[in-house]
Each structure stands twice: as structure tokens, then as C-alpha cells.
Amino acid sequence: MVYIIQNKEDLDKKLEEAVGSGQLVVIDFFANWCGPCKIISPKLEELATQYAEKAIVLKVNVDDCEEIALEYNVTSMPTFVFIKDNHVIDVFVGGNSEKLVKNMEKYVGEPIPVEIMPEIVEVEQAVEEEPVLD
């Protein structure tokens, strides 16, 4: 799932949650008027689903959250910032979906293939629904 950041406090809260869970954070700095941002957005959504257990994907609209964009020195869109344990570990600019995929693999490992995701959900639901024996 991709989470849209509303303000600085919202971002700080999400970063804190990620540190607690040990997850990678990917921040996509975008603008509604940015063509490359629109083109890469479906790929980012797909990666967010595939890496849901290992990564948190956040989107920051630079027009709505200028102070956050300034804090991360964003001058072009899209800009992707990779954060682990509250430290920026990588940044790249541009709508290069291949590089986005490679960075996700590099920082969190292999994704769960989309084809088997429904099976995983079914197994998880079955485990949750099993009666507890006293």
C-alpha cells in the first residue's frame, strides 16, 4: 500500500513506525503536473504490494508539502529517497522503473511474486480462523 503524506508530523510518525518495525522506507516526491511521476506511479504501487512486509512506500506531493521537499533537497521529480533505520541510504531522480525495482531488491531482497500473493492471504486467513484449543 502506498501512503500519501499530509504534513511533516505525518511523515515523522511514519518514519518512527518504520524504525520500530525495521522496514525500509521509500519516499516518492512527486507533483500532480509531473508526467514522469504519473508514468512510474503504477510500478511504485505494484512494488509497494510486492514488498508490503518489508517496505513502507510514502508519497509526498511537493506542492502540498514544500517544507518536506526542502528538507530532502528535492529539486526534480520524481525523486525517490530510500531510508533505513532513520538514515537516508540512497536517492535517485527520474522515472526509471528498472532502477526503482533494482533498488527495492537491493535493500529488501526478493519480492513475493504477485501470482502467489492470493495463496499467501488465504493461508494467513486460514491460520487466523483456526479455533484455539484449551
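Helices α2 and α4 run roughly parallel to each other, a label given to angles under 35 degrees, while over 145 counts as roughly antiparallel, 65 to 115 as roughly perpendicular and the rest as oblique. Welcome to this predicted model, where local features need pLDDT of at least 70, side-chain atom pairs count only at pLDDT 80 or more, and totals for chains, interfaces and linings use all residues. Residues are numbered from 1 along each chain as its sequence is written, and side-chain values use heavy atoms, with hydrogens and water left out.

**The overall fold**

- The protein chain has five helices and five strands; these are DSSP runs, with helices being H or I of at least four residues and strands E of at least two, numbered from the N terminus.
- Along the sequence, the pattern reads β-α-β-α-β-α-β-β-α-α.
- Of the 134 residues in the protein chain, 38% are buried. Buried means under 20% relative accessible area, exposed means over 50%, and partly exposed lies in between (1.4 Å probe, protein chains only).
- Take the contacts between residues at least 6 apart in sequence: 70% of them join residues at least 24 apart. A contact here means heavy atoms within 4.5 Å.

**Where α2 meets α4**

- Helix α2 covers residues 35-50 and helix α4 covers residues 97-108; they pack at an angle of about 20°, and their axes are 10 Å apart. The axes are lines fitted to C-alpha atoms, for helices over the stretch in contact, and angles run from 0 to 180 degrees between N-to-C directions.
- The two helices, α2 and α4, cross in a right-handed way. Right-handed means that the near helix is turned clockwise from the far one by less than a right angle, and left-handed means anticlockwise.
- On the α2 side the contact uses Ile-40, Lys-43, Leu-44 and Leu-47, and on the α4 side Ser-97, Leu-100, Val-101 and Met-104.
- Sorted by class, the contact between α2 and α4 has six nonpolar residues, one polar and one charged. Ala, Val, Leu, Ile, Met, Phe, Trp, Tyr, Cys and Pro count as nonpolar, Asp, Glu, Lys and Arg as charged, and the others, Gly among them, as polar.

- The model has six salt bridges, each a side-chain nitrogen of Lys or Arg within 4 Å of a carboxyl oxygen of Asp or Glu.
- One of them joins Lys-8 and Asp-12, at 2.9 Å from N to O. Both residues lie in helix α1 (residues 8-21), four residues apart, or about one turn of the helix.
- Lys-8 is partly exposed at 25% relative accessible area, and Asp-12 is partly exposed at 35%.
- Lys-14 and Glu-17 form another, with their closest N and O atoms 3.6 Å apart. These two are separated by about one helical turn because they are three residues apart in helix α1.
- Lys-14 counts as buried at 17% relative accessibility, whereas Glu-17 is partly exposed at 36%.

**Lys-59 and its partners**

- Lys-59 sits in strand β3, which covers residues 55-61, and is buried at 7% relative accessible area.
- A salt bridge joins Lys-59 to Asp-28, the closest N and O atoms being 2.8 Å apart. This pair links distant parts of the chain, since Asp-28 belongs to strand β2 (residues 24-30) and lies 31 residues from Lys-59.
- Asp-28 is buried, and so is Lys-59.
- Beyond its neighbours within four places in sequence, Lys-59 is in contact with Val-2, Tyr-3, Ile-4, Ile-5, Asp-28, Phe-30, Ser-41 and Leu-44.
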